[in-house]
Amino acid sequence: MPVIPDPRPAARAGVPGIRSQVVALGGFLALSAAAWVIASVPIILNSNGWYAGSVKAPWMPPPWMFRSTWMALYTGVAAAAWLVWRKGGLTGSTRAGYIVQLLLNAAWPAAFFALYPMLGAAALWAAFGVICALAGTLVFLILRFGPVDAAAGLLVLPYFSWLVFSASLNLYSAVHN
């Protein structure tokens with residue numbers, strides 16, 4: 001009886017199979033979605049309170065832009081982490097950096113929006129510290145992701161750019177409120 005060759009290409013050593021890749025991508029997207037939802041809670045609860053009457057930077061974009069932009073950025077960082085994971089690079093301090101950026105991104109709205117009623121301007125300065133730490137974490141991720149997968153490093157750059165812009169808004173609020 002003749003042997004019929006398997007039409008599927010053999011998996012390369014160390015590269016996860018397609019099923020694992022799909023599950024992992026879904027996991028990274030779910031982590032980012034969870035961080036986005038958690039980060040949204042203090043914003044939703046305080047947007048019509050103290051924040052509505054606060055002094056905002058003249059370059060403040062409309063509120064709808066934040067939701068859509070953050071959703072896209074969270075998707076980008078999830079895809080970047082997945083690309084690095086596929087190549088075996090999401091280990092040790094790189095994985096820790098990825099987790100820290102998720103935690104800091106969820107912590108910033110809590111510091112900025114939720115703590116203001118209790119701490120006043122001190123909360124805005126604390127939030128500025130959190131967003132600066134987040135920016136540092138993103139620089140770390142860009143430097144760690146880029147050598148593993150150039151596209152992954154590039155996917156984090158818009159996130160970093162938006163974060164610098166957001167930090168300028170935070171600083172303006174801290175100085176003027």
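1. Let's start with A33, which sits in helix α1. A33 is partly exposed at 39% relative accessible area (buried is under 20%, exposed over 50%, partly exposed in between, with a 1.4 Å probe and protein chains only).

2. Some housekeeping before going on. This is a predicted model, where local features need pLDDT of at least 70 and side-chain atom pairs count only at pLDDT 80 or more, while totals for chains, interfaces and linings use all residues. Residues are numbered from 1 along each chain as its sequence is written, and side-chain values use heavy atoms, with hydrogens and water left out.

3. On the overall fold: the protein chain has 6 helices and 0 strands, in the order α-α-α-α-α-α along the sequence. Its radius of gyration is 20 Å, well over the 16 Å from the globule rule for 177 residues, so the chain is more spread out than a compact globule. (Helices are DSSP runs of H or I with at least four residues, strands are runs of E with at least two, and numbering goes from the N terminus; the radius is taken over C-alpha atoms, and the rule is 2.2 Å times the number of residues to the power 0.38.) The C-alpha atoms fill a box of roughly 80 × 25 × 25 Å along the principal axes.

4. How much of the chain is buried? Buried residues make up 41% of the 177. As for contacts (heavy atoms within 4.5 Å), residues 24 or more positions apart account for 83% of those with a separation of 6 or more.

5. Next, the largest nonpolar core, with 48 residues. Such a core is a set of buried Ala, Val, Leu, Ile, Met, Phe, Trp, Tyr and Cys residues joined through side-chain atoms within 4.5 Å. F28, W70, F112, F145, V156 and Y159 have the most contacts inside this core. Two or more residues each come from α1, α2, α3, α5 (121–148) and α6, and α5 gives the most, with 12. Leaving aside neighbours within four places in sequence, W70 is in contact with W36, N105, Y159, W162, L163 and S166.

6. The largest pocket holds about 640 Å³ of space. Of its 25 lining residues, I43, S47, P63, F66 and F113 are the closest to the centre. The elements giving two or more residues to the lining are α1 (18–46), α2 (63–86), α3 (92–114) and α6 (150–176). For the method: on a 1 Å grid over the protein atoms alone, using a 1.4 Å probe, a pocket is an open set of points with protein on both sides within 12 Å along at least five of seven lines, and lining residues have an atom within 4 Å of a point. By class, the lining has 17 nonpolar, 6 polar and 2 charged residues.

7. G97, in helix α3, counts as buried at 6% relative accessibility. Apart from neighbours within four places in sequence, G97 is in contact with T137, F140 and L141, and its C-alpha atom is 9.9 Å from that of V139, 42 residues away along the chain. D149 lies in the loop between α5 and α6 and is buried too, with a relative accessible area of 9%. Not counting residues up to four places away, D149 touches L83 and K87.

How values were computed
Points joined across faces, edges and corners; volume = space filled by probe spheres on them. Nonpolar A, V, L, I, M, F, W, Y, C, P; charged D, E, K, R; others polar.
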